[in-house]
Amino acid sequence: MNEHRMISLPAPLFRDPIHDCPTDPTVIWSEEENQWYLFYTQRRADAPAIGVSWVHGTKIGVASSADGSKWLYRGTLEGLDIERGHNTFWAPEIIRAEGAYHMYVSYITGIPTDWDYPRQMLHYVSDNLWDWRFLGRIDLDSERVIDACVYEVEPGLYKMWYKDEQRDSRTFAAVSRDLHNWQVLGAEITDCAQEGPNVFELDGIPWMISDYWNGLAVYRSEDFTHWTRCPDILRESGTRPMDVGFAHHADVLVKDGNAYLFYFCHPFAREADAAIEAAAEDMLTERDRNRAVVQAAQLKVQNKTLICDRNADVAWEMA
């Protein structure tokens, strides 16, 4: 008989020991190693900033955990390069489907100092979350696509949501039956510019959350296509250690009927508002303001509304 016990996840959940700026987290269970993996954009908060160079040149960071409570930094994914030089990888989306792990990751050539460069969506496959084989670029009919989310909306039919910066940074969608060839459907969320869409089901309801730089926007649906805006979540700073400012680019893991939100925030950024007094903030370096941490919170549905108390203990069941 398996014994289970509940623990509370720490705050912050994870800090990157190399650059101290993990962003765009995604969490997945390794069936081969029987442990959790956290993948993220390893932003270089400590790098000299020429324009926005510190946001580029990023690798995909990796951390692992046996129980979800303590995370060990494992380095970065190797073998992803598709051309020479030091290039940029953002926002990994990793799912287990069709007997393998699939990763969709945003890619930019080189280390730009401004935003005026194409972004592509790359597709990789792996049997173990470490060794990735490049399958090709995903054609989404745009030169500026980032932040893929992929979900199986019906058996054998996968849907991808992503930010199209070429089209006013709205959330677009595409569908596929082989996870490689995608048919673009068009825009699905058009009420505001946003990024980092994430789709999941909780209490039998399809939900989408996205980062619109003022907290997380929440949408609900009945068919994974038509979405209704709901009250925002995680707009106000929390009270837990370093849980300050807006929540950004979140991933949702539904486990044992519970939904866990993994997000990043900038504890020392100006968006922290009153959480940091102005006098103290003026003493911070640009590097301090750029630093980020990964936090976890629990999502619940009450009266068909998605809620999240970022100050509450996060109850996590260990096997």
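**A look around β15**

Guide: Let's start at a turn: two residues lie between β14 and β15 in their hairpin, and D203 takes a positive phi near 55° there. Strands here are DSSP runs of E, at least two residues, numbered from the N terminus, and two strands pair if DSSP finds at least two bridges between them. This is a predicted model, where local features need pLDDT of at least 70 and side-chain atom pairs count only at pLDDT 80 or more, while totals for chains, interfaces and linings use all residues. Residues are numbered from 1 along each chain as its sequence is written, and side-chain values use heavy atoms, leaving out hydrogens and water.

Visitor: How many bridges join β14 to β15?

Guide: β14 covers residues 195-202 and runs antiparallel to β15. L202 stands opposite I205 in β15. The number of bridges joining the two strands is six.

Visitor: Which residue in β16 is the bridge partner of M208?

Guide: β15 also runs antiparallel to β16 (residues 216-221), with five bridges joining them. As for M208, its bridge partner in β16 is Y219.

Visitor: Is H123 buried or exposed?

Guide: H123 sits in strand β8, residues 120-126. Buried means under 20% relative accessible area, exposed over 50%, and partly exposed in between, with a 1.4 Å probe and protein chains only. With a relative accessible area of 1%, H123 is buried.

Key
Helix = DSSP H or I, 4+ residues; strand = E, 2+ residues; numbered from the N terminus.
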